[in-house]
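Hi there,

Here is the structure I promised to pass on to you. My notes on it follow below.

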Amino acid sequence: MKKSEIQIFLAHASEDKPAVLALYDRLKQAGYKPWLDKKDLIPGQIWRDEIPKAIKASQIFLACLSGKSANKQGYIQRELRIALDTLGQMLPGTIFFIPMRLEECEIPDLRLAEVSLNLRDIHRLDYWEEDGFEQLERAIGYQFKLEPEEPKQLLSVFNFEVVGVNAKGEQIRKESKQSQYFREDLGKRITLEMVAIPGGTFLMGTEDEEIERLVKKFNWEGFRRERPQHEVTVPPFFMGKYPITQAQWKAIASRTDLKVKQDLDFNPAYFKDPPKPPLKRGASDSPPFEGGARGGSPTHWDRPVEQVNWYDAVEFCARLSKLTGGEYRLPSEAEWEYACRAGTTTPFYFGETITGELANYNASNTYADEPNGEYRNETTPVGQFPPNAFGLYDMHGNVREWCADTWHDNYDGAPTDGSVWIENGNDNRSPLRGGSWGSNPNYCRSAIRYDYYFRRVNRINNYGFRVVCVFGRTL
């Protein structure tokens with residue numbers, strides 16, 4: 001049986017409607033066929049007739065219970081009785097009726113003498129626990145032999161241009177590129193674009209000779225954290241086209257029904273004013289600004305979110321996973337650097353240096369022989385500067401980006417498979433990668449690891465993040 005053939009009836013009280021709607025969306029994203037009165041009753045139908053039909057036509061009956069609804073009298077009690085009666089007519093051992101607690105509460109003492117069933121006799125599922133959805137899928141998989149599904153979402157293609165510069169900052173190359181991506185719908189016309197990153201092998205870190213040159217030139221010992229240079233093979237994954245924006249953050253942070261471990265500030269960013277006019281507007285790959293119009297006037301919602309700490313970013317990923325049914329998380333350091341380099345071996349994906357026309361950083365300072373540029377002293381709307389060869393934007397500036405790893409002082413013992421590195425690290429700290437609007441250019445390089453003393457609890461106005469997705473769509 002295919003997931004798309006398994007109808008799951010969602011019984012609930014009106015008080016729990018927001019949480020059940022989120023569950024409905026997640027089941028649908030996972031490939032099932034959920035049935036919910038708000039979504040599936042057709043205007044004009046008599047609901048007292050249609051709901052019993054839907055229960056009996058379903059393969060799974062999910063009783064969504066909470067402290068407010070568990071002992072509520074009314075139609076939900078009738079739904080539970082219909083489902084228990086249906087279960088009583090099935091073969092012993094059949095999984096059909098699943099009592100699912102949305103929060104800690106008592107299971108109703110609902111007895112059906114005619115079939116010797118009590119709701120409390122059926123093992124419950126606690127959905128609020130971290131593996132709640134996984135346990136639900138375990139029950140469904142136990143009951144049904146699931147067949148492989150066809151890929152549920154085809155990837156779209158977008159076109160863009162990449163540029164290359166020499167050590168003087170002069171453009172020496174301009175190429176047209178194409179990448180694949182998909183969009184996640186976050187609600188209220190807010191979307192998240194995830195770019196397909198092909199797998200491959202690269203050299204992570206910086207060679208010793210270059211490290212010594214950097215230490216001498218910039219008088220900073222921190223470059224030694226980029227050693228030893230080592231080969232890493234990274235499997236394919238998807239990565240956010242841009243850092244998470246203030247609009248995307250609010251879309252997820254405001255969904256308190258998706259909360260996993262902690263509350264989130266709906267609007268934490270320091271930069272809340274409309275940004276300065278963009279460098280250019282109207283490119284085919286420009287992000288959709290307020291009102292959904294491409295090429296429109298950006299607002300602060302199009303800036304990257306900042307003043308979010310590592311725990312905030314992890315909660316965002318957990319809620320996003322819960323909403324979509326996908327596996328979203330922060331990137332590993334290896335994934336981040338591989339994605340940033342996009343096949344390049346130079347200090348920046350632009351080449352030997354960067355300029356203020358290529359990224360948002362403190363361009364009043366120079367890296368190589370390029371001229372001084374503008375120091376904007378603020379974030380800029382995402383997507384204003386040229387991308388790399390994978391189609392990722394703002395990797396060399398705007399905000400520093402949290403990674404999933406624990407902090408390690410160097411790469412001794414680092415995994416070579418691109419995975420998140422947790423073992424023997426400092427789990428009070430995590431790496432930040434990429435430069436920010438306030439960074440000097442030497443802190444914006446593809447290999448920069450910044451910084452061991454920044455704790456996971458810190459919220460600063462140049463700390464942001466982007467997400468990766470590691471499930472389900474074929475490259």
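**Strands, helices and rings**

Arg-329 stands opposite Val-468 in S18. That places it in the pairing of S14 with strand S18 (residues 468–469), which is antiparallel and has 2 bridges. Strands pair here if DSSP finds at least two bridges between them. Helices (H or I, at least four residues) and strands (E, at least two) are DSSP runs, numbered from the N terminus.

Before going on, please note that this is a predicted model: local features need pLDDT of at least 70, side-chain atom pairs count only at pLDDT 80 or more, and totals for chains, interfaces and linings use all residues. Residues are numbered from 1 along each chain as its sequence is written, and side-chain values use heavy atoms, with hydrogens and water left out.

S14 and S18 belong to an open sheet of 6 strands with antiparallel pairing, in the order S8-S9-S10-S13-S18-S14. Strand S8 (156–165) and strand S14 (328–329) are at its edges with a single partner strand each, so one side of each has no neighbour in the sheet. Further in, strand S9 (residues 171–187) runs antiparallel to S10, joined by 6 bridges, and Asp-185 has Thr-191 in S10 as its bridge partner. The hairpin of S9 and S10 has 2 residues between the strands, and Lys-188 there takes a positive phi near 55°. S10 also pairs with strand S13 (residues 237–240), antiparallel over 4 bridges; Ala-196 has Phe-238 in S13 as its bridge partner. Strand S10 (residues 190–197) is mostly covered, with 6 of its 8 residues buried (under 20% relative accessible area, with a 1.4 Å probe and protein chains only).

There is also an open sheet of 5 strands with parallel pairing, ordered S2-S1-S3-S4-S7. Its edge strands, S2 (33–35) and S7 (125–126), each pair on one side only. Strand S1 (residues 7–11) and S2 run parallel, joined by 3 bridges, and Phe-9 has Trp-35 in S2 as its bridge partner.

Now for the helices. Helix H1 (residues 17–29) packs with helix H8 (residues 310–324) at an angle of about 70°, their axes 6 Å apart. Axes are lines fitted to C-alpha atoms, for helices over the stretch in contact, and angles run from 0 to 180 degrees between N-to-C directions. H1 and H8 are therefore roughly perpendicular to each other (65 to 115 degrees). Asp-25, Arg-26 and Gln-29 in H1 meet Ser-321, Lys-322, Leu-323 and Thr-324 in H8, where contact means heavy atoms within 4.5 Å.

What about the aromatic rings? Rings of Phe, Tyr and Trp (its six-membered ring) pair if their centres lie within 6.5 Å; planes under 30 degrees apart count as stacked, over 60 as edge-to-face and the rest as tilted. By this rule the count is 23 aromatic pairs. In one of them, Phe-61 and Phe-96 have ring centres 6.4 Å apart and planes at 35°, so the pair is tilted. Phe-61 and Phe-96 are both buried. Trp-249 and Phe-316 have ring centres 5.5 Å apart and planes at 10°, so this pair is stacked. Trp-249 is in helix H7 (residues 246–253) and Phe-316 in helix H8, 67 residues apart, and both are buried. Finally, one aromatic cluster is formed by Phe-218, Trp-220, Phe-223, Phe-348, Tyr-367 and Tyr-443.

Best wishes

How values were computed. Buried means under 20% relative accessible area, exposed over 50%, partly exposed in between (1.4 Å probe, protein chains only). Angles under 35 degrees count as roughly parallel, over 145 as roughly antiparallel, 65 to 115 as roughly perpendicular and the rest as oblique.
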